Amino acid sequence: MLLIVGLGNPGKQYENTRHNIGFRVIDSLVNDFGARDISKLSFEGKLFKTSNILFLKPTTFMNLSGKSVQAVKNFYKIDIEDIIVIHDDIDLPFSALRFKKGGGHGGHNGLRSIDSMIGKEYSRVRMGVGKPEHKSQVVDYVLANFMEQEERVLLDWIPYVANAIKELQSKNLDEVKSRYSLKKFEV
């Protein structure tokens, strides 16, 4: 069974922020698969299921995402190799897409939390959101909504990312990486 995790923050005020792009991809996948909601309080997140895939949106807020991932991983006895985490990445330009297995958290508090709870050897889908001019602006930047022209790109880019993740059911990470990695999504 695959566990696909999209990172974000719960609440209406965060819905369209850069930090919530993982939630938006999960929403797209849940819709595409017609997955059913099987959430429980102990999962500390919204959990959806198809026959062989779990989709998780932690509701612990970004900095504690690992608690939710660990709870679902332990309950379903999921191997770390079968976990895919979708997250925003300020080190990539907006609409760039990269895939990798393991590695550091790069200052991303959601990844830092997951790493501390389950280890680092899960797969990552890194969605570029660009970066602010000054390092001191990072928190405000990732918690800000996308600009209008970026939202137009997201209409096509999010389904593109969802399709890449669907491919991970039957193809290995290197195959998906070579087919779907992007320097920039072109509409």
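1. Helices (H or I, at least four residues) and strands (E, at least two) are DSSP runs, numbered from the N terminus. The model is predicted, so that local features need pLDDT of at least 70 and side-chain atom pairs count only at pLDDT 80 or more, while totals for chains, interfaces and linings use all residues. Residues are numbered from 1 along each chain as its sequence is written, and side-chain values use heavy atoms, with hydrogens and water left out.

2. The largest pocket has a volume of about 540 Å³, where a pocket is an open set of points on a 1 Å grid over the protein atoms alone at which a 1.4 Å probe fits, with protein on both sides within 12 Å along at least five of seven lines, and lining residues have an atom within 4 Å of a point. Of its 26 lining residues, the closest to the centre are His19, Gly107, His108, Asn109 and Val138. Strand 5 (83-89), helix 3 (109-118), strand 7 (123-128) and helix 4 (138-142) are the elements that each give two or more residues to this lining.

3. The second largest pocket holds about 160 Å³ of space, and among the 13 residues lining it, Glu15, Asn20, Phe23, Asp27 and Lys57 are the closest to its centre. Helix 1 (21-33) and strand 4 (53-58) each supply at least two lining residues, with helix 1 giving the most, three residues.

4. The contact (heavy atoms within 4.5 Å) between helix 2 and helix 3 involves Ser65, Gly66, Lys67, Val69, Gln70 and Lys73 of helix 2, and Gly110, Ser113, Ile114, Met117 and Ile118 of helix 3.

Methods:
Points joined across faces, edges and corners; volume = space filled by probe spheres on them.
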